[in-house]
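Please work through the following exercises with the sequence and the model side by side, trying each task before reading its solution.

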Amino acid sequence: MPRNTIDDRVPLPAPRRDGTVSLEAALNARRSVREFGVAPLPIEALSQILWATQGVTGDERRRTAPSAGGTYPLTLHVATGNVTGLPAGVYRYEASEHALYRVLDGDFRRDLYGATLGQTASAAAPVSLLIAATYERSTDRYGTRGMAYTLIEAGHAGQNLALQVTALGLGTTAIGAFREDVVREVLHLDAHEHPIYLFPVGTPAG
Ligand SMILES: Cc1cc2nc3c(=O)[nH]c(=O)nc-3n(C[C@H](O)[C@H](O)[C@H](O)COP(=O)(O)O)c2cc1C
């Protein structure tokens with residue numbers, strides 16, 4: 001499939017800043033979900049999940065997850081195949097604008113299935129989100145300790161994602177087992193971006 005790089009901004013619906021599911025209920029209900037129904041994911045849900053993971057909050061334009069020294073080494077990448085209002089493609093989340101930028105056209109879920117060593121969740125879910133990191137944003141300030149800081153931050157962001165998904169009545173699982181080189185190629189990451197954590201998201205099967 002041709003992989004023409006295009007630049008296309010997709011504004012997202014504004015995220016809700018409150019909800020009806022308590023934090024305790026989301027903590028209690030969160031479970032890894034690996035099988036998904038065929039229902040498309042509404043773009044509003046994707047927007048909400050992106051915001052919960054790395055969205056901007058407050059007057060100082062910080063984010064939903066903490067970052068060592070406010071260095072923000074994480075980037076968020078999206079592969080969609082079945083999201084209402086959003087053509088199948090690969091996108092990059094721009095937190096400061098709460099917008100997606102289209103990177104590639106096409107449905108790359110089968111490629112992610114291969115990259116995750118045949119984990120069916122990445123092929124079946126309507127969308128997968130990848131947390132990637134540019135370690136230098138942290139290590140330039142903190143030396144090698146910045147590597148640990150960056151991975152800790154990915155954990156914070158991943159748990160935000162999982163709890164928001166649960167609160168929306170959707171499902172996800174963390175995926176750490178994948179071939180970094182293939183994920184980087186499929187999602188068209190920059191050379192300095194390292195894929196860390198993948199989350200297929202959808203409606204739980206059944
Ligand atoms: C760092 C990390 C990597 C993981 N990688 C995978 C994975 O590649 N595939 C998968 O199906 N689950 C993966 N998981 C999910 C765990 O298997 C799951 O969290 C664990 O079995 C506990 O179940 P629970 O999440 O339902 O509480 C991963 C979890 C973590 C924290």
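**Exercise 1. Find which residue of strand 11 is the bridge partner of Gly-171, and then follow strand 11 to its other pairings.**

Solution. In strand 11, the residue bridged to Gly-171 is Gly-202; strands here are DSSP runs of E of at least two residues, helices are runs of H or I of at least four residues, and both are numbered from the N terminus. Before going further, note that this is a predicted model, in which local features need pLDDT of at least 70 and side-chain atom pairs count only at pLDDT 80 or more, while totals for chains, interfaces and linings use all residues. Residues are numbered from 1 along each chain as its sequence is written, and side-chain values use heavy atoms, with hydrogens and water left out.

Step one: strand 10 (residues 171-172) pairs with strand 11 in the antiparallel sense over 2 bridges, where pairing requires that DSSP finds at least two bridges between the strands. Step two: strand 11 also pairs with strand 9, again in the antiparallel sense, over 7 bridges, and in this pairing His-194 of strand 11 stands opposite Ala-133. Step three: 7 of the 9 residues of strand 11 are buried (under 20% relative accessible area, with exposed meaning over 50% and partly exposed in between, for a 1.4 Å probe and protein chains only), so strand 11 is largely enclosed by the rest of the structure.

**Exercise 2. Work out in what order the 7 strands of the open sheet lie, and which strands stand at its edges.**

Solution. The order is 1-8-7-5-9-11-10, with antiparallel pairing. Strand 1 (8-11) and strand 10 stand at the edges, each with a single partner strand, so one side of each is left without a neighbour in the sheet.

Starting from the strand 1 side, strand 1 pairs with strand 8 over 4 bridges in the antiparallel sense, and Pro-11 has Ala-99 of strand 8 as its bridge partner. Ala-99 is also the bridge partner of Glu-94, within the antiparallel pairing that joins strand 7 to strand 8 by 6 bridges. Strand 7 and strand 8 form a hairpin with 4 residues between them, and His-98 in the turn has a positive phi of about 45°. Strand 8 (residues 99-105) is mostly covered, since 5 of its 7 residues are buried. Further along the sheet, strand 5 and strand 9 pair in the antiparallel sense over 7 bridges, with Leu-74 opposite Ala-133 in strand 9.

**Exercise 3. Classify the 2 aromatic pairs of the structure.**

Solution. Rings of Phe, Tyr and Trp (its six-membered ring) pair if their centres lie within 6.5 Å, and planes under 30 degrees apart count as stacked, over 60 as edge-to-face and the rest as tilted. The rings of Tyr-142 and Tyr-149 have centres 5.1 Å apart and planes at 75°, so this pair is edge-to-face. Tyr-197 and Phe-199 also form an edge-to-face pair, at 4.7 Å centre to centre and with 65° between the planes; Tyr-197 is partly exposed, with a relative accessible area of 26%, whereas Phe-199 is buried, at 3%.
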